[in-house]
Amino acid sequence: MQTHILGYPRIGSQRELKKACEQYWSGKINLDDLHQVGAAIRQSNWKLQQEAGIDLIPSNDFSFYDQVLDMSLTFNAIPDRYQELISKKEIAKQELYFAMARGYQQDDLDITAMEMTKWFDTNYHYIVPEFKKDQEFKLFSNKALDEFLEAKKAGILTKPVLLGPITYLVLGKEKEAGFNRLDLIDKLLPVYIEVLKKLQDAGAVWVQLDEPFLALDLTAKEKEVYKKVYNELKKQLPELKILLATYFEGLKENLDLAVSLPVCALHIDLVRAPQQLQEVLDKTPNDLTLSLGIIDGRNIWKNDYQDSVAFIRKALKSKTSNRIMIAPSCSLLHVPCDLDLETNETVLTPEIKNWLAFAKQKLEELATLKAISEEDDVNAVATMEKLHVNLDALKSKKESQRIHKPEVKQRTARITKKDAQRNKDFSERKSIQHKALKLPLFPTTTIGSFPQTKEVRSWRAQFKKGTVNALEYENLLLEETEQCIRWQEEIDLDVLVHGEFERNDMVEYFGEQLNGFVFTKMGWVQSYGSRCVKPPIIYGDIDRPEAMTVKWSSYAQGLTSKIVKGMLTGPVTILQWSFVRNDQPRSETCNQIALAIRDEVLDLEKAGIRIIQIDEPAIREGLPLRKTEWQAYLKWAVNAFCISAAGVSDQTQIHTHMCYSEFNDIIEHIAAMDADVITIECSRSQMELLDAFAKFEYPNEIGPGVYDIHAPRVPSVKEMVALMEKAKLVIPEKQLWVNPDCGLKTRHWEETRKALEAMVEAAKTLRVASEKERLVTL
């Protein structure tokens, strides 16, 4: 029985990759320096896994930005707009790679970034491949081979990891009509074979091809493509051992297809779909090795050794007994690096820490499970001791007095249908709100946060260290908030925000003030590129001991006669972007959060805040991967949002924000959320995401983002006007707001000022044009 992992966190235990990338982008280090940091992280990861006794260690799971973008560069799937950059500049591949991810705006070139969206149902974002009808592929980057040889030179024979060809195509987008991206497989497959042959010639024995799409709903055509592709790979590479990895779901009706593919090993996710094991064992052919994903690759709770060993022993008693591998359920990319770094007991208590396992600890769990399952007499005493320690930790968690609060459970049990309904329909609320708010056509606003400068971050760090006291820290933040309000007044934004300078993260900030949450100091996880988040850990029942945001919103509103939005994070997003307790249904936990947010919404309204935004960027992300399970999730997720928002009067305008999601399939449920205004990310897709709202005839107001905040480029007034003109073609102008794609926390003030000034000018240009059109019709 072999152990392996599907991938390891690439940010570095101290976020070395984030820091190096941002230094490179700002010109503080050169490309060689950046590559040295990358090499150091890879070497450290390989050595760590080797010391933990992992049998098959992955390579090519490292990325400077995104693994899907890596594949696009590998196959020369570079959008045409970057050709000018390639021809005009002697640009390094690494710089081209970052331009594709972040856009490019230097000298006389102004090139938009590629679209970004969520990786299945996770909070990781990938760069969406762009395909055209006459798309050609060729080998452009040897990254997979280079990293395999790098590990081999260090004495480690790795298992290279590649995103499978079908999943790669499906994750992309057709950029012109008249073809299906899967039709490109005949052009793509020879380049895959070329890459795999190079790896085989270099000494690779195993190669992992990730095909999570194989565990989703498949059409007849997609099933045929799977057969065609993997039969061709076997024909061209008969000696190469391919491990086909599925995860995030069970194979279900695709099981017969999966076990029929001519690969050497099949990986299944037994954390997300434990019920599939027996059927998989029954149908696994005699020549197929089965990889059991038994350790949760997406959550931080300790493995239940008894449950996992039961799975392993069941497999060992089957006909596949001599062909078993064990692994985490998916890549460990989605969990923090190392629990050993959590040394501050005031941040993470020893009791709760004893319930957790991060990536490094999951390696140890994997080795222990192998030892327990094999019942090695030489190490029997030590192995049994580890089993008993595990059992004691799980018992401690189950019996802890920290977890359960009867009064919280009673309150959620009393939720009624009325708690999730506004007093009047939107058609009636709209006129009430327009009279009260007196906003112009195409009202302008931002999504919430403003740049958190180095100074703001240093104040927070000094406050945490105790070198700045609470009063001094608060005064600095109050001053920064006032400057932000004054600047928004100066450029004539219509609806202002307080800037959120007191907040570290849109989920962490609220979790710190809610009971039932605990935090880490070094529990960082990559969200996209250099963006790392530190998800809270929900360990127990949740309630709100006191108001969380009223003070800051009230202060900002007191500075201006303009409207200031109250800014909150919604219950589904807080749930999705946390590591969630695994001892009760997620819907129950979500309702507890919804009631806490509802209390905050009502307190904001009492304080005179007339617009309240409850962000739900993760509601689409939480959608189950199988359509048969959608309705159950959407029912409780939408209801939780409604519970949080529905207590206010009709005059109070509720906003929500969503980004980097496909809305087409759930548009009716977004409408059921009944937010008065929804702001969405639209600029990277050139307003394509609005089509779903137009076809549905979405009744409420919409703010389609007019510029991409995840790239440093500053769009022109003309560009923003053009995007809004596109929006006007599908959405009535009286329903449209003008805003950025997302919050501005990670941006610099210089680019933010220029972009927002251009955005306000664009809105005024639109108003003038609209007035002229009105006069002409008269």
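I began with the largest cavity, which holds about 520 Å³ of space. I took a cavity to be a set of points, on a 1 Å grid over the protein atoms alone, where a 1.4 Å probe fits but cannot get out. The volume is the space filled by probe spheres set on the points, with grid points joined across faces, edges and corners.

I note that this is a predicted model, in which local features need pLDDT of at least 70 and side-chain atom pairs count only at pLDDT 80 or more, while totals for chains, interfaces and linings use all residues. Residues are numbered from 1 along each chain as its sequence is written, and side-chain values use heavy atoms, with hydrogens and water left out.

**Cavities**

I searched the whole structure and found six cavities of 30 Å³ or more. I then listed the lining of the largest cavity, counting residues with an atom within 4 Å of a point. The lining has 35 residues, and Met506, Arg531, Trp577, Cys742 and Gly743 lie nearest the centre. Strands E17 (525-528), E18 (531-533) and E20 (563-569) are the elements giving two or more residues to this lining; strands are DSSP runs of E, at least two residues, and helices are runs of H or I, at least four, numbered from the N terminus. E20 has the largest share, three residues.

I looked next at the second largest cavity, with a volume of about 270 Å³. Its lining has 21 residues, and Arg10, Asp61, Gln67, Val161 and Asp210 lie nearest its centre. Helix H3 (67-74) and strand E8 (159-163) each supply at least two of the lining residues.

**Aromatic rings**

I counted 21 aromatic pairs, where rings of Phe, Tyr and Trp (its six-membered ring) pair if their centres lie within 6.5 Å, and planes under 30 degrees apart count as stacked, over 60 as edge-to-face and the rest as tilted. Trp25 and Phe98 are edge-to-face, because their ring centres are 5.3 Å apart and their planes stand at 90 degrees. This pair links distant parts of the chain, with Trp25 in helix H1 (residues 16-25) and Phe98 in helix H5 (residues 93-102), 73 residues apart.

I checked accessibility, where buried means under 20% relative accessible area, exposed over 50% and partly exposed in between (1.4 Å probe, protein chains only). Trp25 is partly exposed at 23%, and Phe98 is buried at 4%. I also recorded that Tyr24, Trp25, Tyr65, Tyr97 and Phe98 form one aromatic cluster.

Notes: 1 Å grid on protein atoms, 1.4 Å probe; cavity = no way out; pocket = protein on both sides within 12 Å on 5 of 7 lines; lining within 4 Å.
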